[in-house]
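Student: I would like to learn how to read a protein model step by step. Could we begin with the words that are used for its parts?

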Amino acid sequence: MLSYRHAFHAGNHADVLKHAVLIQILKYFIQKDTPYTYVDTHSGAGMYALDGGYASKNAEFETGISHLWNRKDLPASLQEYVQLIKELNPSGKLRYYPGSPYCADKVMRQEDRLRLFELHPSDSKILQENFRKLAAHAAAQGIRPSGRGTRIMIQKGDGFQGLKAMLPPPSRRGVVLIDPPYEDKTDYRRVKECLTDALVRFATGTYVVWYPILQRSESRQLPEQLKNLPAQDWLNVTLSVSTPSPDGFGLHSSGMFILNPPWTLAPILQEMMPYLVSALGQDEGANFRLEAGSLAHDAKRKTGFLK
């Protein structure tokens, strides 16, 4: 599992889906005055250079953020996502791509709390350094420091285990992102076990799971297993950019499964997803799927395809 480095995949179509959805969830949470806590169980390095190192080897960002960079017809939800990345690249050239921790930090307020876990020793060190630089830059501009010991806490460790100590958060408002590498197939089992435990500790939390859609059975079964967890409501959204290759290799599709989602999220996704299919789709196999369900009612399904 520790061989995984997200820098190889930074800014690809899966990142576009993950970060665009995450930003909308976090923006919903700042509508109330009460602070909230964001927990990222697999934070990565927090920020990635696209013009060198790992990211430039496969240039996967060309399947994702590059297609949105100069678009003038973005829906409002994607404008917010792209604008956040443009602020990271003031020269106007796409050189850096943010990870989930950076996206969260830019959306959240000073009174909100970030709790970041990363097990990979190199990425954990880079994550610490990236947030140190961000704090120094803010201080140079006269912006009140975020306070890493209180507002932002970064721990080198297993986020599946570390999450237990974070729940319930002091304000009883929280968002948890679970985004493991899935190179080890036990990650699928651990996601379900982690959520089962988390819902006991903090039943009203919003839990966001990114997952790849692959040929392996564990990948296909995960969203079906998550639908059976005792959350009040759930949303499942998937994005496919191409027809699967005959050999089964390569990531052509990914999904976001949200337990206890904001009520505003489904309408936003109904606008966002057809646009992403059109903008990122590589062939006529590109499509999206949006499903919703709850404990109180039978699942209601909505599906969209690229025509």
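Tutor: Helices (H or I, at least four residues) and strands (E, at least two) are DSSP runs, and they are numbered from the N terminus. What you see is a predicted model, in which local features need pLDDT of at least 70 and side-chain atom pairs count only at pLDDT 80 or more, while totals for chains, interfaces and linings use all residues. Residues are numbered from 1 along each chain as its sequence is written, and side-chain values use heavy atoms, with hydrogens and water left out.

Student: How many helices and strands are there in the chain?

Tutor: The chain has 10 helices and 11 strands. Between such elements lie loops, and Pro 168 has its place in the loop between helix 7 (159-166) and strand 6.

Student: What kind of peptide bond joins Leu 167 and Pro 168?

Tutor: The bond between Leu 167 and Pro 168 is a cis peptide bond, with omega about -5°.

Student: Which loop holds Tyr 182, and what is its phi near?

Tutor: Tyr 182 is found in the loop between strand 6 and helix 8, and its phi is near 65°, a positive value in a residue other than glycine. Asn 260, in the loop between strand 9 and helix 10 (265-280), also is not a glycine and has a positive phi of about 55°.

Student: Is Tyr 182 buried or exposed?

Tutor: The general idea is that buried means under 20% relative accessible area and exposed over 50%, with partly exposed in between (1.4 Å probe, protein chains only). Tyr 182 has a relative accessible area of 3%, so it is buried, and Asn 260 counts as buried because its value is 12%.

Student: What percentage of the residues in the chain is buried?

Tutor: Of the 307 residues in the chain, 53% are buried. In helix 4 (residues 100-107), seven of the eight residues are buried, and among them are Tyr 102, Cys 103 and Val 107.

Student: How do I read the way in which strands lie beside each other?

Tutor: Two strands pair if DSSP finds at least two bridges between them. Here strand 6 (residues 174-178) and strand 7 run parallel and are joined by four bridges, with Val 176 standing opposite Tyr 207 in strand 7. Six bridges join strand 7 to strand 9 (residues 253-259), and these two run antiparallel, with Val 208 opposite Ile 258 in strand 9.

Student: Which way do the side chains of strand 7 point?

Tutor: In strand 7 (residues 206-212), seven of seven residues are buried. Thr 206, Val 208, Trp 210 and Pro 212 point one way, whereas Tyr 207, Val 209 and Tyr 211 point the other way.

Student: What unit do strand 6, helix 8 and strand 7 make?

Tutor: A crossover is right-handed if, with the strands pointing away from the viewer, the path from the first strand over the helix to the second runs clockwise. Strand 6, helix 8 (residues 186-201) and strand 7 make a right-handed β-α-β unit.

Student: Which residues does Gly 255 touch, not counting residues up to four places away in sequence?

Tutor: Contact means heavy atoms within 4.5 Å. Gly 255 is found in strand 9, and, when residues up to four places away in sequence are not counted, it touches several residues, including Leu 17, Val 209, Tyr 211 and Val 237. Gly 255 has 0% relative accessibility and therefore counts as buried. Gly 255 and Lys 18 are 237 residues apart in sequence, and their C-alpha atoms are 8.0 Å apart in space.

Student: With which side chain does the side chain of Ser 240 make a polar contact?

Tutor: A polar contact is a pair of N or O atoms within 3.5 Å; within protein, one must be able to donate a hydrogen and the other to accept it, and residues adjacent in sequence count only if both atoms are side-chain atoms. The side chain of Ser 240, a residue in strand 8 (residues 233-240), makes such a contact with the side chain of Ser 253 at 2.5 Å. Ser 240 counts as buried because its relative accessibility is 10%.
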